[in-house]
Amino acid sequence: MSRYSIFSLARNALNYHKDWERAWRSAELKSEYDAVIIGAGGHGLATAYYLAKEHNMTNIAVIEKGWLGGGNTGRNTTIIRSNYLQDSSIAIYELARSLYEDLSQDLNYNTMFSPRGVMMMCQTEHELRAFQRTAHANRLAGLDCRMIDRTEVKRLCPIINDSPDARYPILGAYYQPRGGTGRHDAVAWGYARGADERGVDIVQNCEVLGINVKNGKVTGIETSKGSIKTAKVAVVTAGHTSVVMEMAGVRMPVESVCLQALVSEPIKPVIDCVVMANTVHGYMSQSDKGELVIGGGADSYNNYSQRGAFASLEHTVTALVETFPIISRLRTLRLWGGIVDMTGDRSPIISKTDVQGLYVNCGWGTGGFKSIPGSGFVFADTIANDRPHPIAEPFGMNRFAEGRFIDESVSAAVAH
Amino acid sequence: MLVIKCPVCGVEGEEGDFHAGGQAHIARPASSNPENISDIEQSDYLFMRHNPKGLHFERWRCDRGCGKWFHAARDTVTLEFKGYYAINELPPVELMEQAKGYWAEHFASAIKSSKRPKS
């Protein structure tokens, strides 16, 4: 496969761009693989890429019911940060964030990582203290993060309403300068191209219909394009995890709910960082196209429809209009919903299961995009060596029975 | 948007008028057998949830009406409410029979006993 560079761009420009190679093959499904990954989203493709690159497993397939990157990978608000409270979370999210820094070079594909800084607003005394605690935990873990005061918040984000009379006044913020945003589609496409280049078959429009288990071991899967023999199956299907795992008779401690986001009409640059306001429940950044990218809280009831409640959106927008009065008369350009899988402690599950050869990576809930490279890296290692990677180990499914929760739902700096 | 009708006071509204209370019919193991509860049973009670794509059984509260809790059967794909029943009741038999997967297992004995002729 040809490398993308300034020279390939120039060469193709001279040919009127008629000779660009396809970024990945449209692979035919074979009847046998060393491993099959179900779900060609960011996490699934990253897993395939690192399996091929780090573990030399190239006789593998990624199968996808819809189209590549068409689920939550294409439905998030592209925020990348790692300032979580618990040590296990810091380890995996910081691994992901640091991999994002060099991802464009590693993949030879521009993933447009933009470390523009992420600010988590402190709008009550309690929130201020909670973030100070997180700040200390993060500094102990060696993360480049710091508390900033109201003046610096205003300097970094002039459009913010810093009036002391606001219903929730800005008291300061918790700032991760090396956090930011990336280009979500490019992450999926880059990993797909990299995996394909190493021989991985990516098969789209191929729905898994059953997982064959014999004597407690995976023997293969049934798909809409035929049967596949394989000893290893990795389920990376986010909102549909419960549905796919039920095919192998494994119950999952997750619930699927809808999380929505929206973008405004494009405007000139007004905000060059990411602002998260968790007390009022909304977060905002600006895309390179000029749209304000806005997200908020998830809906409160189970949902597989990718259509959420208007009430949730209204709540988010109300909060952000209060925080950024300048946006009050902007129109909504697009809004959408994705089905996210929530665990009880709001931390992911990266785990072996009671069925030998069946692996699961799910439960990323509202924070999947930021973790794609780290999740793929440790999950690939877990699959290749049939034991949890040290960073993945705390995220095993058995933690719920053992009481080892990685509790990010009440303690973390995150909008849930 | 959901269209929800409270079976207690009869008001109709959308999800903002009601409160979603999560999965219904979760029995606390310790209430019947407090001594011999295994970690698995307790963690299943706390964290394991039916998460069907299709017919689901839930608790809801009539927040801006009568304030009462009630049960509802809802499709998680079409978001349609299929039926309502009281907070201390099992679903109507015809709804239990439509249930699939883990819910079908859950209701299997209840369906069986409802079919038994009353002596």
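**A tour of the predicted model**

Chain A has an average pLDDT of 95, and 98% of its residues score at least 70; pLDDT is the predictor's confidence in each residue, from 0 to 100. This is a predicted model, in which local features need pLDDT of at least 70, side-chain atom pairs count only at pLDDT 80 or more, and totals for chains, interfaces and linings use all residues. Residues are numbered from 1 along each chain as its sequence is written, chains are lettered from A and ligands numbered from 1 in the order in which they are written, and side-chain values use heavy atoms, with hydrogens and water left out.

Select residues 411-416 of chain A. Here pLDDT stays under 50, and the model has 24 contacts beyond four places in sequence (contact means heavy atoms within 4.5 Å). Where pLDDT is low, the predicted coordinates should not be read in detail.

Next, select Cys157(A) and Cys273(A). Cys157(A) is buried at 1% relative accessible area, and Cys273(A) is buried at 3% (buried means under 20%, exposed over 50%, partly exposed in between, with a 1.4 Å probe and protein chains only). Over all chains, the count of disulfides is zero.

Move to Arg75(A), in the loop between strands S2 (60-63) and S3 (79-80) of chain A. Strands (E, at least two residues) and helices (H or I, at least four) are DSSP runs, numbered from the N terminus. Beyond four places in sequence, Arg75(A) touches residues including His184(A), Gln306(A) and Trp336(A). A polar atom of its side chain lies 3.4 Å from the backbone oxygen of Gly70(A).

Now show the aromatic rings. The whole structure has 22 aromatic pairs over all chains; rings of Phe, Tyr and Trp (its six-membered ring) pair if their centres lie within 6.5 Å, and planes under 30 degrees apart count as stacked, over 60 as edge-to-face and the rest as tilted. Tyr4(A) and Trp20(A) form an edge-to-face pair, 5.9 Å centre to centre with 70° between the planes. Tyr4(A) is in the segment before helix H1 (6-14), and Trp20(A) is in the loop between H1 and strand S1 (35-38). Tyr4(A) is partly exposed at 27% relative accessibility.

Finish in chain B with Phe70(B), which is buried at 0% relative accessible area. One aromatic cluster holds Tyr301(A), Phe18(B), Trp60(B), Phe70(B), Phe81(B) and Tyr84(B).

Terms used:
Disulfide = S-S within 2.5 Å. Polar contact = N/O pair within 3.5 Å; in protein donor to acceptor, adjacent residues only side chain to side chain.
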